[in-house]
Amino acid sequence: VGERAEDVVELGGQWVGPTQLEVMALAEELGLETYPTFTEGKNLFEAKLGKVKRYSGTIPMLGPLVMADYGQADLRLKRLMKKVSAEAPWEAQNATELDGQTFETWIRRAARTRLAREAISMACRAVFAADPADVSLLHVLFYAASAGGWDDLLDTDGGAQQNRIVGGSQLISLRMEELLGDRIRLSAPVRMIRTEDDGVIVGELRARRVIVAVPPALAGRIEYDPPLPAPRDQLTQRMPMGSVIKTMSIYDEPFWREEGLSGSALSVPGPTQVIFDNTPPNGSPGVLLGFLEARQARQLGRVTEAERRDAVTEVLARVFGPRAAKPSGYVEKDWSAEPYSRGCYAGVLGPGAWTAHGTWLRDPIDRIHWAGTETATRWMGYFDGAVQSGKRAAAEVLRTEGAALATSAGARAAQAARVVPG
């Protein structure tokens with residue numbers, strides 16, 4: 001969007017946080033720099049159409065009664081989170097009860113006021129790109145535990161949205177590609193994985209083992225010979241992706257900064273409910289990032305791009321004023337329509353799935369190992385989880401192959417011992 005190579009807007013994942021140690025270390029190793037998301041000034045909150053308030057911090061002031069209601073519900077959620085392990089959420093006390101209800105069911109019991117309920121629901125859509133009715137309570141608790149806390153998922157300063165990669169997060173992949181050279185094969189989608197006694201066949205390649213690092217929903221579309229165990233296939237059927245359309249409205253300059261605004265906004269009526277300043281680091285042009293998530297993404301995914309642009313622009317104009325009504329440019333990405341993702345931000349588990357099938361998420365099956373951010377125990381759904389999962393899967397392969405080599409060497413030694421004259 002600018003004249004410099006680093007002046008990009010990212011239609012995919014873009015943020016890294018200070019506690020995401022794996023991806024931060026990888027970025028440093030690759031010589032990449034980060035810069036902070038712009039947060040100076042007041043945030044905006046639209047509770048009703050055209051009723052916009054300014055506020056500071058993560059949560060807007062919603063009035064004494066609503067704030068008290070939100071606070072007690074938030075505290076209850078955090079207490080429940082402490083009882084859930086990110087390594088094995090199905091082993092939590094009352095795991096069956098927690099997994100047997102949706103997040104929406106819990107919200108309706110925990111919060112009494114309409115606005116407190118909607119605030120928690122908006123947070124759910126922002127984190128999972130899914131409605132509370134689609135997410136197991138146990139999955140919400142696990143996800144928060146994997147990030148270190150519920151606030152870590154929502155916060156900008158100190159949280160998941162704190163920093164961006166100078167030049168774009170895709171530089172992580174591009175720099176790694178430079179190091180790996182021709183060992184990377186692009187435009188070669190995997191349709192089948194065949195496992196044999198001494199190895200696996202993936203397309204034209206033969207290897208001793210394979211690591212599958214795509215979301216479970218996509219992994220379930222690969223044909224396996226022999227077929228995977230039924231419980232693993234059942235898991236992939238129960239872990240759909242979230243629904244999100246990421247939109248960028250471009251202006252000649254970030255005019256909201258002149259007005260003492262951060263560019264961050266929340267809108268209850270929506271359909272764009274979560275908005276960020278996504279301006280490049282040099283400060284021009286101005287970019288407002290708006291997310292269409294969950295049912296808003298599904299509904300507006302059926303209309304034309306021009307109609308979506310109008311819907312997004314209408315929200316921006318209501319929240320930021322008439323200067324936001326005429327963006328000079330607009331770009332978007334519907335991740336549910338992308339054939340090699342089918343949604344974002346990660347796979348989501350509904351009621352009953354963790355306790356019935358969770359043990360199959362990471363466990364290797366014969367010569368097949370599983371990676372990808374959905375298999376992470378730290379920062380699942382984020383870059384950090386992807387890096388952690390890759391390291392874990394690689395260690396599994398090395399450990400298994402090392403044991404196999406040791407066993408083979410031992411067998412050869414025993415055979416030699418039997419044939420040597422005594």
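User: Please focus on the salt bridges. To begin with, is Arg-323 buried, partly exposed or exposed?

Analyst: Please note that this is a predicted model. Arg-323 has a relative accessibility of 41%. Buried means under 20%, and exposed means over 50%. Arg-323 therefore counts as partly exposed.

Now look at its partner. The side chain of Arg-323 forms a salt bridge with that of Glu-258, at 3.5 Å from N to O. Where do the two residues sit? Arg-323 is in the loop between helix 13 (305-320) and strand 15 (329-334), while Glu-258 belongs to helix 11 (residues 255-258). The two parts are 65 residues apart in sequence, so this pair ties them together. Glu-258 has a relative accessible area of 56%, so Glu-258 is exposed.

Why can such pairs form at all? Side chains of opposite charge can pair when their charged atoms come close. The structure holds 22 salt bridges.

Take Asp-131 and Arg-295 next. In this salt bridge, the closest N and O atoms are 3.0 Å apart. Asp-131 has a relative accessibility of 5%, so Asp-131 counts as buried. Arg-295 has a relative accessible area of 37%, which means that Arg-295 is partly exposed.

Glu-314 and Arg-318 join their side chains in a salt bridge of 3.6 Å, N to O. Both residues lie in helix 13. They are four residues apart, which is about one turn of the helix. Glu-314 is partly exposed, because its relative accessible area is 48%.

Some salt bridges share partners. Through them, Glu-118, Arg-125, Asp-131, Arg-295 and Arg-298 are joined into one network. Asp-131 and Arg-295, the pair described above, belong to that network.

Met-176, Leu-179, Leu-180, Ile-184 and Leu-186 make a nonpolar surface patch of about 460 Å². One of these, Leu-180, lies in helix 8 (residues 170-180). Leu-180 has a relative accessibility of 34%, so Leu-180 counts as partly exposed.

Four strands form an open sheet in the order 8-7-6-10, with mixed pairing. Strand 8 (205-207) and strand 10 (223-225) are the edge strands, and each pairs on one side only. From one strand to the next, the twist averages 20°. Strand 6 (residues 192-196) pairs with strand 7 (residues 199-202) in the antiparallel sense, over four bridges. In that pairing, Ile-193 has Val-202 of strand 7 as its bridge partner. Strands of a sheet pair through backbone hydrogen bonds.

Finally, step back to the whole protein. The secondary structure comes to 15 helices and 16 strands. The radius of gyration is 24 Å, close to the 22 Å that the globule rule gives for 422 residues, so the protein is as compact as a globular protein of that length. The C-alpha trace spans about 95 × 55 × 35 Å along its principal axes. Of the 422 residues, 50% count as buried. Asp-131 counts as buried, whereas Arg-323 counts as partly exposed.

Terms used: Residues are numbered from 1 along each chain as its sequence is written. This is a predicted model: local features need pLDDT of at least 70, side-chain atom pairs count only at pLDDT 80 or more; totals for chains, interfaces and linings use all residues. Side-chain values use heavy atoms; hydrogens and water are left out. Patches are made of residues with over 30% relative accessible area and no salt bridge: like charges are joined within 9 Å, nonpolar side chains (Val, Leu, Ile, Met, Phe, Trp, Tyr) within 5 Å. Accessible areas come from the Shrake-Rupley method with a 1.4 Å probe; for residues, only the protein chains shown count as cover. A salt bridge is a side-chain nitrogen of Lys or Arg within 4 Å of a carboxyl oxygen of Asp or Glu. Buried means under 20% relative accessible area, exposed over 50%, partly exposed in between (1.4 Å probe, protein chains only). Two strands pair if DSSP finds at least two bridges between them. Axes are lines fitted to C-alpha atoms, for helices over the stretch in contact, and angles run from 0 to 180 degrees between N-to-C directions. The radius of gyration is taken over C-alpha atoms; the globule rule is 2.2 Å times the number of residues to the power 0.38.
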